[in-house]
Amino acid sequence: LHSQDLLSLFSFKASVDPLNTSLYTWEGSNPCSGLWVGVKCYQGRVASIYLDDASLVGSATPLFGLSQLQVLSLRWNALSGSLPHLTNLTNPRLRHLFLSHNQLDGTLNISLPSLLSLQIEHNDFSGGLEGLQLPSVEDFNASANRLAGEISGGLSKFPSSAFNGNPALCGSPLPSCSKISHLSDAANTSPSPAPTVVSTCSSRSLSKLGLTALLSVSIGDMVVIAMALAIVAGMYTWFKRRFSMPRNAAAGARGLELHHGFAEEKEETDSRLVIFEGGEDMRMDSLLKASAEVLGKGISGSTYKAVLEDGIMVAVKRLSGVQFPSHSKAFNQRMHLIGRLRHSHVVSLRAYCNAHEEKLLVYDYMPNGSLHSLLQSNRGRNLDWRSRKQILMGVAHGLNFIHTFPARPPLVHASIKPSNILIDEHGNAGISECSIMCFATNFQCQSLPPHASTLFPQGMNAAAASTWHGYRAPELSVGKGKATQESDVYSFGMVLLEVVTGKEIDDGECGGQMMGMVKIGMMCTAECPDERPKMSEVLRMMGEFL
Ligand SMILES: Nc1ncnc2c1ncn2[C@@H]1O[C@H](COP(=O)(O)OP(=O)(O)OP(=O)(O)O)[C@@H](O)[C@H]1O
């Protein structure tokens with residue numbers, strides 16, 4: 001690795017996290033090991049930094065020493081100081097720069113012909129915009145700063161929401177400068193502050209994804225949602241423009257078709273989505289324009305398949321407001337951790353949104369659906385032994401990765417069951433929804449402090465319990481217990497037994513392997529949590545039998 005990269009990262013860490021509470025995984029000499037939070041490399045050089053909402057305080061300047069950087073995302077921190085002069089000489093590869101919601105100040109000097117995104121809203125930048133030479137920029141927001149002077153050149157193509165909240169800015173798309181000076185001369189006062197852009201997780205834009213899709217679920221839902229739409233539409237006229245109703249609600253499949261004319265507000269919405277590695281495009285206009293269909297509805301919420309503009313498919317889980325009522329910091333922190341899980345047998349979380357009204361999780365789309373639906377189908381019933389082994393090995397590897405991921409405290413999945421095991425185009429299994437249930441009403445995980453939602457005396461609510469029936473460890477039965485890695489192992493054991501015993505046992509080589517697997521399943525499902533093997537041990541035993 002380039003020593004300059006390492007130097008820049010350590011210098012940044014020393015500046016913004018002196019107590020080593022956020023960037024504690026930044027240690028050793030290889031930032032490209034995959035273990036450094038928020039760091040992604042390309043060909044041995046640091047290419048992306050994703051540290052939104054990471055409680056960082058201090059200067060971001062050292063990161064601009066990363067000469068191969070393509071994406072820098074540092075939103076919702078408390079970074080301060082000014083930005084260095086950024087040019088093609090200093091940062092030739094920089095394409096996306098997301099610095100909104102910090103305390104950055106000074107003037108803007110950025111001459112980057114290839115920069116595509118610049119989000120700097122809600123900072124303290126001053127001076128004019130003439131220092132911005134960004135001919136390729138497509139996504140721009142400088143609202144809520146202290147910028148002054150005329151908006152000129154290519155930046156005039158952006159909507160007023162990109163500039164609002166800068167009392168001394170003028171020119172298209174804001175009122176012309178001559179008008180402003182005339183008015184202020186007449187009043188002999190400084191211009192009144194323009195409204196600032198409110199920017200928290202969007203219930204408006206993102207509701208539409210859920211609301212529209214939900215319309216395709218049932219007529220009853222349609223009534224409720226139509227009422228909600230009417231209220232929301234009254235409050236936000238722009239909201240209407242972005243919606244179109246499902247054309248065939250009865251069909252239940254085609255759910256979402258969004259209008260194109262949302263450009264004015266896209267910055268507001270985009271800034272409300274927290275993006276992880278691989279999700280860059282989602283924070284542009286892609287999610288809002290996506291067409292979607294309902295994949296399924298569980299107790300924790302509904303899941304939609306959304307096809308983004310560039311053809312990329314994602315699965316968007318809209319968490320139920322009943323099951324996930326609180327808007328906790330712990331949830332954000334946990335999602336930041338989950339967003340770092342990258343493993344071939346763990347479904348990647350690419351982005352999430354956490355608002356009081358709306359919690360959305362954006363995952364990779366897995367084209368072969370869930371293990372649950374596979375096992376129910378004819379195809380699943382006829383699944384050969386090789387495919388079953390492939391799935392189980394994948395789940396075991398994925399769960400072992402989750403359990404051994406360097407997190408403090410260690411991660412618990414908390415809801416291993418066939419509908420959270422998804423199959424990719426090659427028949428490999430990926431585990432989805434890691435730790436999500438830890439935030440559900442009446443559910444607790446060992447790895448997290450008790451969360452804000454009320455605990456009812458009977459423990460986990462009956463509905464949540466019923467969807468997990470058969471896979472839930474006995475110590476988590478109604479009224480007691482917290483999900484642990486041991487309870488995950490129990491759930492894995494139950495899944496294993498289901499997958500293995502779904503196939504007739506023959507006398508040949510397969511028969512021996514199956515019997516071995518049944519033995520492992522029995523060990524995993526031991527009544528006493530202490531007697532269950534660790535996932536690393538399970539993997540070792542599976543390797544011996546298969
Ligand atoms: N990433 C994904 N890719 C493809 N299909 C998915 C994805 N995530 C979920 N699904 C599909 O959507 C269905 C519904 O999933 P969802 O998580 O909403 O409900 P569930 O798992 O059945 O119940 P619960 O709410 O208890 O988790 C799943 O059974 C699966 O078929």
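A residue is called buried if 20 or more other C-beta atoms lie within 10 Å of its own, exposed if 12 or fewer, and partly exposed in between, with C-beta atoms placed from the backbone. The model is predicted; local features need pLDDT of at least 70, side-chain atom pairs count only at pLDDT 80 or more, and totals for chains, interfaces and linings use all residues. Residues are numbered from 1 along each chain as its sequence is written.

The protein has 15 helices and 24 strands. Helices (H or I, at least four residues) and strands (E, at least two) are DSSP runs, numbered from the N terminus. Of the 546 residues in the protein, 45% are buried. Contacts were also counted by sequence separation, two residues being in contact if their C-beta atoms, placed from the backbone, lie within 7 Å. Among contacts between residues at least 6 apart in sequence, 54% join residues at least 24 apart.

Helix 11 covers residues 385–404. Its buried residues are Trp385, Arg388, Ile391, Leu392, Gly394, Val395, Ala396, His397, Gly398, Leu399, Asn400 and Ile402. The expected span of a helix is 1.5 Å times one less than its number of residues. For the 20 residues of helix 11 this gives 28 Å, and the end C-alpha atoms are 28 Å apart, which agrees. Ser387 also lies in helix 11. Ser387 has 17 other C-beta atoms within 10 Å, so it is partly exposed.

A nonpolar core is a set of buried Ala, Val, Leu, Ile, Met, Phe, Trp, Tyr and Cys residues joined through C-beta atoms within 7 Å. The largest such core has 121 residues. Those with the most contacts inside it are Leu72, Tyr352, Val362, Val395, Phe492 and Leu496. Helix 13 (residues 485–501) gives the largest share of this core, seven residues. Tyr352 is in contact with Val274, Met335, Leu360, Leu361 and Val362, leaving aside its neighbours within four places in sequence. Helix 8 (residues 329–338) has Phe331, Arg334, Met335, His336 and Ile338 as its buried residues. These pack against strand 17 (274–275) and strand 21 (349–354).

Two strands pair if DSSP finds at least two bridges between them. Strand 19 and strand 20 run antiparallel and are joined by seven bridges. Val307 has Met313 of strand 20 as its bridge partner. The hairpin of strand 19 and strand 20 has five residues between the strands, and there Gly311 takes a positive phi near 90°. Strand 20 also pairs with strand 22, in the antiparallel sense, over five bridges. Arg318 has Leu360 of strand 22 as its bridge partner. Six of the seven residues of strand 20 are buried.

An open sheet is formed by three strands in the order 6-9-12, with parallel pairing. Strand 6 (86–87) and strand 12 (132–133) stand at the edges with a single partner strand each, so one side of each is left without a neighbour in the sheet. Strand 9 (residues 110–111) is joined to strand 12 by two bridges. Ser111 stands opposite Gln133 in strand 12.

Some backbone angles stand apart. Most residues other than glycine have a negative phi, and most peptide bonds are trans. Trp76 has a positive phi, near 55°. It lies in the loop between strand 4 (71–73) and strand 5 (78–81). Trp76 counts as buried because it has 21 C-beta neighbours inside 10 Å. Ser435 has a positive phi of about 70°. Its place is in the loop between strand 24 (429–431) and helix 12 (462–467). With 23 other C-beta atoms within 10 Å, Ser435 is buried. A cis peptide bond, with omega about 10°, joins Ser172 and Pro173. Pro173 is found in the loop between strand 15 (168–170) and helix 2 (177–187).
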